[in-house]
Amino acid sequence: MTAPLTPLDRPNSYIGRSVPRPNAKRLLAGRGRYVTDIRLPRMLHAAFLRSPHAHARIISIDADAARALAGVHLIATGADLARICTPWTGTLDHFKGMTSEPQLPLPLDRVVWAGPAGGAVVADSRALAEDALELISVDYEELPAVVDLDEARQPGTPRANPASQSNICFRTQLDSGGVDEVFAAAAHVIEQQFSFGRHTPVTLEPRAIVADYEPDSGMLTVHHATQTPYQFQDLYSRHYNIPEARVRVIAPDIGGSFGMKLHVYHEDMAVVGLSMMLGRPVKYVADRIESFVSDIHARDHRVQARMAIDADGKILAMDVHDATAIGAFSTYPRTSVVEGNQVIRLIGAPYGFTSYRAALEVVFQNKVQTSQYRAVGHPIACAVTERMVDIAASRAGLDPLAMRDRNVIADDAYPLVSPTGYKFEALSHQACLRRLREIMDYDALRGEQAELRRRGVNRGIGIATFVEITNPSPAFYGVGGARISSQDGATISLTPTGEVRCAISVTEQGQGTEAIIGQIVADQLGLAQEHVKVITGDTEVTPHGGATWACRGAGIGGETALQAARRLKANILAIAALVLQEQAAALDIVDGQVVSAASRQPRLDVAEIARIAYFRSDTLPPGTQAQLTVSHHFAPQGYPFAFTNGIQGCSLEVDVDTGFVKLLKHYVVEDCGRIINPMLVDEQLRGGVVQGLGAALFEECRYGETGQLLNGSLADYLVPMAMEMPDIVIDHVETPTADTILGAKGCGEAGTAAASACVLNAVNDALTPFGASINTIPITPARILKALNRY
């Protein structure tokens with residue numbers, strides 16, 4: 001390594017000390033004139049040096065030419081940031097035996113996948129910072145890269161991260177008992193192997209962060225495109241040793257996340273440190289190429305599965321092994337084990353068998369880290385289960401829909417505990433099956449399929465039931481020691497003008513969180529929704545909470561808002577009762593008016609109550625303290641999770657000469673509990689289905705033998721476009737959870753959970769006349785032709 005790369009002696013290079021701020025003009029509010037004696041920070045921009053190797057030792061870095069470039073303020077390495085940032089480790093206590101090496105914002109001496117941030121340049125502009133990167137010379141010693149999942153699991157294979165004891169991050173097993181005996185006595189045993197390709201979220205808006213550290217006050221303000229501002233407030237506080245009260249994270253509405261923006265990324269942590277070193281605001285926005293090699297990937301699984309059934313097609317047992325690859329580290333703070341854990345715990349969930357065994361093996365490799373992405377683990381569990389059910393139906397001589405009707409857990413059998421230990425409060429598989437048959441016109445669709453096959457048209461019909469985890473309790477992360485809240489908070493105020501302001505901890509990523517919260521508050525207070533302002537995503541002004549992930553926005557955030565609004569309503573009516581010399585129980589609020597509960601006759605405007613409380617409290621009885629601001633928190637107390645369920649159907653056509661798949665129509669029947677806003681629920685489902693279809697047919701991060709990502713741009717990585725999308729027909733069953741007043745569960749991941757399983761079954765259904773089958777996702781034309789022995 002060369003001499004320290006932090007240029008302490010350069011102008012405008014401020015390292016760990018109070019600095020003068022550049023002069024800037026500011027318009028004095030209401031004065032109409034400028035002053036120039038207000039010192040404001042000038043934004044700087046960061047760019048990151050990225051390794052071309054999947055695994056290499058950093059021998060030396062020569063940055064002299066880059067340091068001399070005018071407008072470059074700082075060049076930092078891992079050692080520079082390690083002096084002020086403590087390392088983090090992506091493990092959770094309840095995953096016993098889980099290991100992962102500590103991480104820092106930038107590596108000290110080794111890179112472990114192709115594309116991580118290895119060094120940082122901060123300059124006056126992003127373009128200038130990137131120019132400086134071109135002038136930095138790095139000497140690498142290339143090391144063996146562990147790329148293939150199966151190879152990584154073999155004894156004697158080089159380690160993806162030499163500091164680790166092995167390439168195994170975590171192993172666990174579930175066993176309800178008696179599995180071998182059931183298989184030995186079964187009429188039919190089905191065995192299959194499945195492969196799921198990596199893909200990555202490709203959000204509309206990439207990761208973005210602006211960190212601004214004020215040396216004089218010790219205050220850190222971070223504008224961060226994240227789902228979880230409170231999580232990052234805690235992390236920046238702890239790892240940079242800043243009191244939490246002096247860390248503010250502002251998370252504005254962001255253009256998509258799908259779980260990708262939950263995690264700690266090296267660049268984001270580095271930007272905070274760079275701002276602290278310079279005492280200046282520093283901005284970083286990932287470009288698309290950077291996103292492909294630094295955003296988390298997901299779904300890299302190999303699953304071996306067996307299913308036992310009796311002669312009548314009754315499912316008796318399942319036995320599965322899931323090996324999943326996660327990159328060289330486990331992500332922090334939620335870990336990369338959660339997806340595999342949910343795979344083995346959700347396999348078989350809709351069906352009424354009790355003998356189950358599953359093993360999970362989580363494996364390191366020299367690739368981008370994998371972690372939570374929309375419908376964490378659900379598409380893998382669903383695809384494995386539903387493909388096995390289709391094969392079992394064929395073996396038993398049953399129609400796929402009839403096979404499911406025979407095996408799903410009865411709607412009146414709840415509550416119950418699954419063989420994997422999940423506690424189900426109330427699900428509705430039978431009702432959903434009946435509704436799907438109706439909206440698909442299933443029998444007619446099968447008749448049309450048979451007729452078209454006689455004419456050489458290869459149509460396929462796929463069915464997939466699913467169970468989705470929502471509304472997680474402290475049993476999800478808190479039990480493992482992660483400081484990720486399971487509760488949410490809301491502060492609701494009646495303003496002096498009679499309008500309402502609700503500051504709430506759930507956040508907005510385009511899914512309609514603010515609309516739902518506003519709707520709930522308005523409904524509970526008897527006001528028009530346009531008179532409710534919802535504030536989200538700022539740790540300085542909203543109460544602490546878990547924010548939006550795992551479909552908890554309505555189920556937990558909505559319940560928080562409902563309970564807070566009811567408390568505020570009681571306070572408003574208590575004041576109204578004093579003014580009107582009436583009993584509060586005899587009053588209600590309708591359309592912004594306090595009315596008689598019996599006659600519904602208006603008695604007093606809510607705005608008048610606000611005026612009296614704020615400005616003429618002297619007219620109220622002595623000792624009255626009008627409380628028109630209410631703060632309230634809520635966390636699930638009953639079941640550890642609120643499970644939703646549903647079923648999807650798919651009709652498609654396969655061209656056996658080209659391998660191309662044409663999606664014709666997709667059907668969803670979903671039970672998310674109480675539906676608050678039907679339009680938002682339906683569009684959430686459609687968006688989720690589209691992501692599931694993308695996984696099924698298009699999306700895959702492909703790597704070469706040396707660990708290089710081969711399709712890391714939107715020119716090569718395929719995502720579904722409008723032209724590929726079928727009509728998506730949606731219907732609902734409602735089974736509200738009794739755990740909350742609201743009764744809402746969640747719907748954000750339901751569309752994604754079963755869509756790829758539907759397509760997998762439909763493609764295999766279309767290939768049935770040819771004796772061909774496929775168990776690899778994505779289902780590309782080349783893989784279809786290979787299955788048909790035409791490629």
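**View A. Aspartate 319 and its contacts in the predicted model.** In this predicted model, aspartate 319 touches residues from beyond its own stretch of sequence: leaving aside neighbours within four places, its contacts are Val179, Phe183, Gln304, Ala305, Arg306 and Arg357. Aspartate 319 belongs to strand 16, residues 315-325. Its relative accessible area is 15%. Buried means under 20%, so aspartate 319 counts as buried. One of its contacts, arginine 357, also makes a polar contact with it. That contact joins side chain to side chain, at 2.9 Å.

**View B. Helix 15 crosses helix 16.** Helix 15 spans residues 552-580, and helix 16 spans residues 606-615. Their axes come within 10 Å and cross at roughly 85°. Helix 15 is therefore roughly perpendicular to helix 16. Which residues make the contact? Helix 15 supplies Ile572, Ile575, Ala576 and Val579. Helix 16 supplies Ile609, Ile612 and Ala613. By class, seven residues in this contact are nonpolar, none is polar and none is charged.

**View C. Alanine 576, a residue of helix 15.** Alanine 576 sits in helix 15. Is alanine 576 buried or exposed? It is buried, with a relative accessible area of 0%. Setting aside neighbours within four places in sequence, alanine 576 is in contact with Leu587, Val594 and Ile609. Now find isoleucine 612. Alanine 576 and isoleucine 612 are 36 residues apart in sequence. In space, their C-alpha atoms are 9.8 Å apart.

**View D. The buried residues of helix 3.** Helix 3 covers residues 126-134. Leu128, Ala129, Ala132 and Leu133 are buried there. Viewed down the axis, the buried residues of helix 3 fall within an arc of 150°, so they line one face of the helix. The spacing is worth a look. An α-helix has 3.6 residues a turn, so residues three or four places apart point the same way. What do the buried residues of helix 3 pack against? Their partners are strand 3 (44-50), helix 1 (64-67), strand 5 (72-76) and strand 7 (117-123).

**View E. Helix 11, from its start to its buried side.** Helix 11 runs over residues 400-407. At its start, a side-chain oxygen of aspartate 399 comes to within 2.8 Å of the backbone nitrogen of leucine 401. Leucine 401 is also one of the buried residues of helix 11.

Technical notes: Residues are numbered from 1 along each chain as its sequence is written. This is a predicted model: local features need pLDDT of at least 70, side-chain atom pairs count only at pLDDT 80 or more; totals for chains, interfaces and linings use all residues. Side-chain values use heavy atoms; hydrogens and water are left out. Buried means under 20% relative accessible area, exposed over 50%, partly exposed in between (1.4 Å probe, protein chains only). Helices (H or I, at least four residues) and strands (E, at least two) are DSSP runs, numbered from the N terminus. A polar contact is a pair of N or O atoms within 3.5 Å; within protein, one must be able to donate a hydrogen and the other to accept it, and residues adjacent in sequence count only if both atoms are side-chain atoms. Axes are lines fitted to C-alpha atoms, for helices over the stretch in contact, and angles run from 0 to 180 degrees between N-to-C directions. Angles under 35 degrees count as roughly parallel, over 145 as roughly antiparallel, 65 to 115 as roughly perpendicular and the rest as oblique. Contact means heavy atoms within 4.5 Å. Ala, Val, Leu, Ile, Met, Phe, Trp, Tyr, Cys and Pro count as nonpolar, Asp, Glu, Lys and Arg as charged, and the others, Gly among them, as polar. The arc is that of the directions from the helix axis to the C-beta atoms.
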